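Please look through the predicted model shown below and keep it in view while reading.

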Amino acid sequence: MEKKEAKQEYWRWLEYHSVMPGKNWKNAEIITAGVDVGSVGSKAVVMTDGEIYSWSVMRTGSNSSDSAKKVLEWAMEDTGMSVKDINYIVGTGYGRVNVPMANKAITEIACHAKGANYIWGPTVRTVLDVGGQDVKAIRIDETGKVVSFLMNDKCAAGTGRGMEVIADLLQIPIEEVGKVSLSVTEDPKPVSSTCVVFAKTEAVGLLRQGWTKEKVLAAYMRAMAIRMSELIEKVGCEKDFVITGGQSKNIGIVHRVEKILGVKRLPVPNLEQTGLDPVSAGAIGAALYAKALHEKALRR
Amino acid sequence: MISAGMDLGTQRVKVVILKDQKIIGKSQQFSGFEPTKAAEQALQEALQQAKLTPKDIEHLTATGAGVNMAPNADSKISMMGADAKAGTYYFPSARTIIDVGAEDARAVKCDENGILQDFVVNARCAAGAGTFIEAMARALEVKLEDMGPLSLKAERASPINASCVIFAESDVVSLIHKEEPKTEIARAIFDAMAERVASMVLRLGVNKDIVLVGGVGKDEGFIASLKRRLGTEILIPEDPIYAGAVGAALVAAKRASRRR
């Protein structure tokens, strides 16, 4: 028998979806949804009367509007709910203009701020959002409104996409890079450039010099963390501090940023019990805005 | 007088042998995992071409990103210094030399004697260097050498996020799915690179004549975009990839004559 070995895709991360147990959407007065089409991941959150009902996180395909439809359908899977049951949908993220079923599009900065406020409460002042193609440092007030922000969206250095490329190069599954990077006892000198192309060349050089994969990974993550910390320091890091976006799951990044800033992030709530997922903060914020907008429309 | 120049680039090693300022041997090798070995082989081939032996070389000067891995080098010269020397060797009227290699790009300003006066380099970002074209050719599933001719057929440029190699790759994939013509995507890639390179030149001021060297100096797509962006003619030597090695060999000749 011919045996064909598939090339392992080390960058591929787990997609997931779930429905809060014990809830029936048919009893809800208002059903809203937030759809966050990011450059790398698409997230959808469905809310019943302003509380999380179901969610889904999947990879963004080459077509933004298809991804928007798919991710929302996945969040509604096996619930009997369909798009027409939802009163109001807000689209957000890099591909927000391509969410065909959305009633309105809102920037991901506003949505992440709102989502962080909902997940962790009114004490949150600084949000670091690290997505697939950008890094944002956002200052927010006690209502979850944006006070100021800085973002880097011109360069893959320090983004999730850059992490995927390095994971592939080092052949370490993306879900494990954080843990693996923390297995070195002391961080080596960071790679000199976070440009993913240059870092790849530098990583190959370091491997050639006999560095272990773990050490090279730690050097890259250290450089990523420095870059993120610089952005946060520019906007000003006021407590409480939280991290949202895909890289909030990367403990290698989280630990290093906390160490550089000298500030701990607020802990991540248990996803299964609460539905509060930092990766979906933008979609949660969008679903909350959707509720507010729907109520406003009803009052008219 | 026999001198040699060795340019250890991030992708290729180039060696040039000069006899009384004339090129009598040249060779290039992929740097690979062992740049020193590649350099030795390139030197050997260049010597064979010149019908010489290593003993005949009075002085060898090395340059390039891997300068510290150069075998048999008598001295070193900066990449900018080598560009200035080579540019004025090819074209005495040269005052600006643009060098676009695999991972490095720079603009160099020099005087009539080929003495370096000022320079700008593309530190920390690969979007303005040759590797950008390679990555995009892969994404487009087009041979590297076909990228230029393809781009010249375009009537307009596609909109892409050309500020970063990694982001541009995913944009290109989306554009292919939208059935955007490859010609226009290729044109967008060269326009974006030209924009980056031109911004370095403009920081030095447009001092004519402008010479383009480095591996990308052979790419007609890039040349067309750069000419359009700078609005001026650009001089290009016959074998632009050897410029760094030629510059180093010229410096070697000068250093050898000074030692006599």
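Strand S1 (residues 2-8) of chain B and strand S2 (residues 12-19) of chain B run antiparallel to each other and are joined by 7 bridges, where strands and helices are DSSP runs numbered from the N terminus (E, at least two residues, for strands; H or I, at least four, for helices) and two strands pair if DSSP finds at least two bridges between them. Within this pair, B:Ser3 lies opposite B:Leu18 of S2(B). Helix H1 (residues 35-50) of chain B packs on the sheet and touches S1, S2 and S3 of chain B, and its direction makes about 150° with that of S3(B). Here a contact means that the C-beta atoms of two residues, placed from the backbone, lie within 7 Å, while axes are lines fitted to C-alpha atoms, for helices over the stretch in contact, and angles between N-to-C directions run from 0 to 180 degrees.

The sheet is an open one of 5 strands in chain B, in the order S3-S2-S1-S4-S5, with mixed pairing. Strand S3 (22-30) and strand S5 (75-76) of chain B stand at its edges with a single partner strand each, so one side of each has no neighbour in the sheet.

This is a predicted model, in which local features need pLDDT of at least 70 and side-chain atom pairs count only at pLDDT 80 or more, whereas totals for chains, interfaces and linings use all residues. Residues are numbered from 1 along each chain as its sequence is written, and chains are lettered from A and ligands numbered from 1 in the order in which they are written. The pLDDT is the predictor's confidence in each residue, from 0 to 100; its mean is 93 for chain B, where 100% of the residues reach 70 or more, and chain A averages 92, with 98% of the residues scoring at least 70. The model as a whole scores ipTM 0.73 and pTM 0.80.

Still in chain B, how do two of the helices pack? Helix H4 (residues 144-152) of chain B and helix H7 (residues 220-230) of chain B have axes 7 Å apart, at an angle of about 45°. H4(B) and H7(B) are therefore oblique to each other, since angles under 35 degrees count as roughly parallel, over 145 as roughly antiparallel, 65 to 115 as roughly perpendicular and the rest as oblique. Among the residues that meet are B:Met147 and B:Pro149 in H4(B) and B:Phe222 in H7(B).

Where the two chains touch, chain B gives 16 residues and chain A gives 17 residues. On the side of chain B, the largest share, 7 residues, comes from helix H5 (residues 165-177) of chain B.

In chain A, 5 of the 5 residues of strand S5 (residues 88-92) are buried, so this strand is largely enclosed by the rest of the structure; a residue is buried if 20 or more other C-beta atoms lie within 10 Å of its own, exposed if 12 or fewer, and partly exposed in between, with C-beta atoms placed from the backbone. Both faces of S5(A) are covered, with A:Tyr88, A:Val90 and A:Thr92 on one side and A:Ile89 and A:Gly91 on the other. Strand S2 (residues 31-37) of chain A pairs with S5(A) in the parallel sense over 5 bridges, and A:Thr32 stands opposite A:Tyr88.
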